[in-house]
Amino acid sequence: MSRLSGDTATGKSSKRSTSTGKSSENALRRETVGIDDISVYIPKLYLPVTGEFAASRGIDPAKLTRGIGIERMAVPDVHEDAATMAAMSLLELMRRANLKPEEIGKIYVGTESAVDEAKALGTYVIGMLEQVYGAGSFQDCATVEFKSACIGTTQALEALSYWAAAEEEDKVGVVIASDVAKYPLRSAGEYTQGAGSVSLLVKKNPRLIALEGIFGSFTRDENDFFRPLGATTAVVNGKHSNQCYLDAMQGAFDAFAAKARRKGVIVPKEGECVTDFFSHLLFHIPYPRMVEYASAAIFEHYWQGQARWKEVEAEIGAEPKPGDYESPDKFQAAKSDYSRQFAKSKHFLDAFKSKVLDTTSISRLVGNIYTGSIYLGLASLIEQERVKSGDRLCFGAYGSGCSALVFSGLVQSDAASVPKRDLFQRLERRTQIPLADYERLHEGLKEKSIIAPSQEFALTEIDHQGYRHYGWIG
Ligand code: CAA
């Protein structure tokens, strides 16, 4: 995030950016805030959705691999929960960045899989990390939990970026996303489950991505997806949740585009539209196919009225017009059908392949990790070396209930110096479990871990008061 309004965060003007910053401001050295590093923890167990799972649920495997976009779901073992996964991704981040506990000023945790109704998940995480770094080593660090379904982590990132910009003692902040995505067995949500944690190091002058300080929001009260107190699985109104996601994303995108224009950061000229300014667009990934729906809706919206739309029309015909239909319902049905044609058009599919598809590669192998999914998309791009210095990225986060937040960031010149994480190789080393083990784990019927914990944090006991005990298992 630039601390001077109207500046681009790379410190050099991007080809497509317009700076309205006054010359005296431009002369000042700009300090950016953003994501310096990212770490990912995914449980060691997985269930393939083809084979035994698809057969037992009576589903054509092609529906899951193409219609939903999923191949494998990550499954937490008996000793794992949102707190252990968060501690694992934080430990990896600290080791990667050679961070000492006293250098961290804030740990904000985004989760909708809280392990306690009152106690912050981050305090359990600090308790675990102190078993490695020493008792009291995190006592100067503040922690708080952000709950807003899958958007909690992004709200935390926005809040932490303001804190980091104002921080005067050069402390850094960490945002942790950690979730277990869980729906009832044999429900339509079941094949979109997953689990994992992502930690983001947020600081001034980041090596990876400088935030541009432009956030566009959209919020509306909805019942698309929720988990009443005491329930262990989410209640979901599936198709409605897809529509809420699309409405909220469009609203937040419009708010972002208007703000970016007002600040002079993204000012499309004749023949350009806002999506042209992004090298990659990262959307929340409840399942990879949803990202295709979201991209189609956003590209269709912004391309309409542009010269290129003539080429789209040459491929799929002209848009339906209200006057050509005898009722509003028939017009709406024709519009939906037209949008489906657009989503299959060569123009859209080319843009989708070059700007969006690669964000979903890890999610295909992991499933939904709720509030961290969009950052799994970022890790996916980075691991596949799809981002380069100067690229502008667009992030579109969605949280059921519902709200969306769209923001942008610029890939920094030091990005290539940040070591890779070998995520794809690590995912290949996981252990496949049979359907029966998955179902027993899901229902809480397994007492012993499938893989005994080693070199990791583990839940060791829930005592008579409901307090959770965690340990570092060497
Ligand atoms: N081969 C290939 N494709 C097939 C197929 C086959 N044999 N059979 C069906 N398909 C296709 C369908 O045609 C459809 O694609 P199109 O949209 O292009 O037509 C696709 O597979 C999905 O099939 P359905 O329409 O039958 O959908 P479903 O009943 O399986 O439900 C779901 C899908 C609503 C996502 C359900 O899995 C669900 O409720 N998931 C949990 C909620 C969720 O993830 N919502 C997303 C928005 S909310 C959010 O983002 C927050 C969050 O993280 C939860």
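This report walks through the cavities, a strand pair, the ligand surroundings and some backbone details of the structure above.

The model is predicted, so local features need pLDDT of at least 70 and side-chain atom pairs count only at pLDDT 80 or more, while totals for chains, interfaces and linings use all residues. Residues are numbered from 1 along each chain as its sequence is written, and side-chain values use heavy atoms, with hydrogens and water left out.

**Cavities**

Let us start inside. Rolling a probe the size of a water molecule over the atoms shows where empty space is left. Here a cavity is a set of points, on a 1 Å grid over the protein atoms alone, where a 1.4 Å probe fits but cannot get out, and lining residues have an atom within 4 Å of a point. A volume is the space filled by probe spheres set on the points, which are joined across faces, edges and corners. The whole structure holds two cavities of 30 Å³ or more.

Among the residues lining the second largest cavity are Leu-208, Ile-382 and Ala-415, and its lining has eight nonpolar, no polar and no charged residues. In these counts Ala, Val, Leu, Ile, Met, Phe, Trp, Tyr, Cys and Pro are nonpolar, Asp, Glu, Lys and Arg are charged, and the others, Gly among them, are polar.

**Around the ligand**

The ligand is surrounded by 28 residues, each with a heavy atom within 4 Å of it. The closest are Asp-60, Lys-63, Ala-188, Tyr-191 and Tyr-293. The table gives distances for polar contacts, that is, pairs of N or O atoms within 3.5 Å.

| Residue (polar side-chain atom) | Ligand atom | Distance |
|---|---|---|
| Asp-60 | nitrogen | 2.8 Å |
| Tyr-191 | oxygen | 2.5 Å |
| Lys-239 | oxygen | 3.0 Å |

**Backbone details**

Which two residues does a cis peptide bond join? They are Gly-401 and Cys-402, with omega of about 0°. Cys-402 sits in the loop between strand S12 (392-399) and strand S13 (403-411), where strands are DSSP runs (E, at least two residues) numbered from the N terminus.

Although it is not a glycine, Arg-186 has a positive phi of about 65°. Arg-186 belongs to the loop between strand S6 (172-181) and strand S7 (194-204).

**A strand pair**

Strand S2 (residues 45-48) and S3 run antiparallel, paired over four bridges; pairing takes at least two DSSP bridges. Leu-45 has Val-75 as its bridge partner in S3.

Conventions
On a 1 Å grid over the protein atoms alone, a cavity is a set of points where a 1.4 Å probe fits but cannot get out, and a pocket is an open set with protein on both sides within 12 Å along at least five of seven lines; lining residues have an atom within 4 Å of a point. A polar contact is a pair of N or O atoms within 3.5 Å; within protein, one must be able to donate a hydrogen and the other to accept it, and residues adjacent in sequence count only if both atoms are side-chain atoms.
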